[in-house]
Amino acid sequence: MNGARSSSIIYSLVETAKANNLNVFQYLYTLLLYMPDYKQEPAGVEAMMPWNDFIKERCSKVMDTETETPENRGQIPL
């Protein structure tokens, strides 16, 4: 049951990213990079939505994942 629920969440994230013309890998990477610190903040969760300008800017172009790490990721503009 948990595996099916987890899979449906991932599939939903992937398809929503595609529907918003985002790079799927970069969208998932950005979510995993920022979500742990913002999951309890409604404004932080809203900033992670694929239609948010922050996400559109970060996930519509090529991102250097070697320099974009948890240690130097910066803050989400809330």
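The bend at a residue is taken here as the angle between two fitted axes, one through the seven residues ending there and the other through the seven starting there. The model examined is a predicted one, in which local features require pLDDT of at least 70 and side-chain atom pairs are counted only at pLDDT 80 or more, while totals for chains, interfaces and linings use all residues. Residues are numbered from 1 along each chain as its sequence is written, and side-chain values rest on heavy atoms, with hydrogens and water left out.

At Leu32 the axis of helix 2 bends by about 30 degrees, and a proline, Pro36, follows within four residues. The N-terminal end of helix 2 is capped by Asn23, a side-chain oxygen of which lies 3.0 Å from the backbone nitrogen of Phe25.

Gln26, Tyr27, Thr30, Leu31, Leu33, Tyr34 and Tyr38 are the buried residues of helix 2, buried denoting under 20% relative accessible area, exposed over 50% and partly exposed the range in between (1.4 Å probe, protein chains only). These buried residues pack against helix 1 (2–19), helix 3 (42–47) and helix 4, contact being defined by heavy atoms within 4.5 Å.

The structure holds 2 aromatic pairs, for which ring centres of Phe, Tyr and Trp (its six-membered ring) must lie within 6.5 Å, with planes under 30 degrees apart counted as stacked, over 60 as edge-to-face and the rest as tilted. One of them joins Tyr34 and Phe54 in an edge-to-face arrangement, at 5.5 Å centre to centre and with 90 degrees between the planes. Because Tyr34 lies in helix 2 (residues 24–38) and Phe54 in helix 4 (residues 53–59), this pair ties together parts that are 20 residues apart in sequence. Both Tyr34 and Phe54 are buried.

The count of salt bridges comes to 1, the criterion being a side-chain nitrogen of Lys or Arg within 4 Å of a carboxyl oxygen of Asp or Glu. Lys18 forms this bridge with Glu15, the closest N and O atoms being 3.3 Å apart, and the two residues lie 3 residues apart in helix 1, about one turn of the helix. Lys18 is partly exposed, with a relative accessible area of 46%, and Glu15 is likewise partly exposed, at 46%.

In the loop between helix 1 and helix 2 lies Asn21, whose phi is near 55 degrees, a positive value in a residue other than glycine. Asn21 is exposed, with a relative accessible area of 66%.

Methods. A polar contact is a pair of N or O atoms within 3.5 Å; within protein, one must be able to donate a hydrogen and the other to accept it, and residues adjacent in sequence count only if both atoms are side-chain atoms.
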